[in-house]
Amino acid sequence: MDYIIKNAKIVDKRKTLTGDLWISNGKIKKISNNIDSVGKEIIDGEGKVVMPSFIDMHVHLREPGQTEKEDLITGEKAAVKGGFTHVCAMANTNPVCDNKTIIEYILNKHKENEICGLTQISALTKGLKGEEFVDIDEMLEFTNLFSDDGVNVDDDELFKEALKLSKEKNFKILTHCEPEAETIKRDLKLIEEVGGNLHICHISLRESLDLIKEYKNKGLKFSCEVMPHHIFEWDNDYRVNPPFATKDDRDAMIEGIKEGIIDVIATDHAPHTKKDKENGAPGISGIEEAFSYVYTIFKEEGISLNCLSEKMSYTPSKLLGLDEALIEEGKDANLVLVNLNESHKINTNDFVSKGKNTPFEGRQVYGKILKTIKNGEIVYKNEERKYDNR
């Protein structure tokens, strides 16, 4: 495809400007004013914003074994509808993604109908039981992310050995922390002792942020994430894991974003059936509206779009070793076109995810995804609800 987005506001982590964006052969060919449009398709960007597309380090796609909740196709369609062109899927499938056979199945199934990019995360321990490591060398052929998300690795010595191996073999551990602050403190003490590559999932408490800030100030290298719903809401008894916290805890998450202590915003997209939610399953289907939740709060809190792009695009791309999520000539054209001025009410009838589970039905939010572009191809068009002919 060869086309120009005309007269758009262009925003990434490093810059804000207005101009034209010429996209050709999957790349950003030129950024300028009044680019010659002869022979090229024109997309009107007047009054709209172009940003790097989003990258989600924490989703649950439920395939194999739980496709009544979600499958790769519906999950990836939900992702691009939300402006994401790459997602990282957790290993708590059924059977658990803890061996070559399962991860090959997932990746091959993904390639059959690839809609967005996928990093499949391997379990860290067999069966997520926290007792015995998976065959790490075998799984490193397919991924460099390992996590027992959903459960803790409670054995201190086992987790210490995992951190040592992560440094030795150059992979990253995404750690589930429950009880949150207590487990984070344990993990950070072990990082201080033996090193390792650690990413702390879904923090929600001021106590957790204070610990992370303390150890980062000591010079330790690790990263952490917060969920959109944990900055959008507080004091809500809707079941998510970790739970919605107090307003003070939520305000701490905002402070952590502003201060640069929190590195990433990731969705923890966790689709469930209505029956499973009624039976107490924790989780929220959030990837389609994640940008709107975040932008609505950032708008209220006076946090810049540059910061949003950093947390939802640039830093995830760096942590995953992907092409830097910046809008620069010569880079891959992975982009999202948004209307910041359009408000709408959350309507689960519009969700393409099988998971309709959210406490935010009817809530008013700002920011609408108009187009999602992956390697130059428009993979989602809001006006047509179109997913690249799939």
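Let's start with Ser37, which sits in the loop between strand 3 (27-32) and strand 4 (41-44). Keep in mind that this is a predicted model.

**Ser37 and its surroundings**
- Ser37 has a relative accessible area of 31%, so it counts as partly exposed.
- Leaving aside residues up to four places away in sequence, Ser37 touches Ile4 and Ile42.

**Aromatic pairs around Tyr293**
- The count for this model is 8 aromatic pairs.
- In one of them, the ring centres of Phe232 and Tyr293 are 4.9 Å apart with the planes at 40 degrees, so this pair is tilted.
- Phe232 belongs to helix 7 (residues 228-232) and Tyr293 to helix 10 (residues 290-301), so the pair ties together parts that are 61 residues apart in sequence.
- Both Phe232 and Tyr293 are buried.
- Tyr293 also pairs with Phe360, this time edge-to-face, at 5.1 Å centre to centre and 70 degrees between the planes.
- Phe360 is in the loop between strand 14 (335-345) and strand 15 (364-374), while Tyr293 is in helix 10, so this pair links parts 67 residues apart in sequence.

**An aromatic cluster**
- Phe54, Phe84, Phe291 and Tyr295 together form one aromatic cluster.

**Lysines over rings**
- Lys247 lies over the face of Trp234, 5.4 Å from the ring centre.
- Lys299 does likewise with Tyr366, at 5.1 Å from the ring centre.

**Helix 6 against helix 8**
- The axes of helix 6 (residues 206-217) and helix 8 (residues 247-259) come within 8 Å of each other and cross at roughly 30 degrees.
- Angles under 35 degrees count as roughly parallel, so helix 6 is roughly parallel to helix 8.
- On the helix 6 side, the contact is made by Arg206, Leu209 and Lys213.
- Helix 8 puts in Asp248, Asp249, Asp251, Ala252, Met253, Glu255, Gly256 and Glu259.
- Sorted by class, the contact of helix 6 with helix 8 has 7 charged, 3 nonpolar and 1 polar residues.

Conventions: Residues are numbered from 1 along each chain as its sequence is written. This is a predicted model: local features need pLDDT of at least 70, side-chain atom pairs count only at pLDDT 80 or more; totals for chains, interfaces and linings use all residues. Side-chain values use heavy atoms; hydrogens and water are left out. Axes are lines fitted to C-alpha atoms, for helices over the stretch in contact, and angles run from 0 to 180 degrees between N-to-C directions. Helices (H or I, at least four residues) and strands (E, at least two) are DSSP runs, numbered from the N terminus. Angles under 35 degrees count as roughly parallel, over 145 as roughly antiparallel, 65 to 115 as roughly perpendicular and the rest as oblique. Contact means heavy atoms within 4.5 Å. Ala, Val, Leu, Ile, Met, Phe, Trp, Tyr, Cys and Pro count as nonpolar, Asp, Glu, Lys and Arg as charged, and the others, Gly among them, as polar. Rings of Phe, Tyr and Trp (its six-membered ring) pair if their centres lie within 6.5 Å; planes under 30 degrees apart count as stacked, over 60 as edge-to-face and the rest as tilted. Buried means under 20% relative accessible area, exposed over 50%, partly exposed in between (1.4 Å probe, protein chains only). A charge sits over a ring if NZ of Lys or CZ of Arg is within 6 Å of the ring centre and within 35 degrees of the ring normal.
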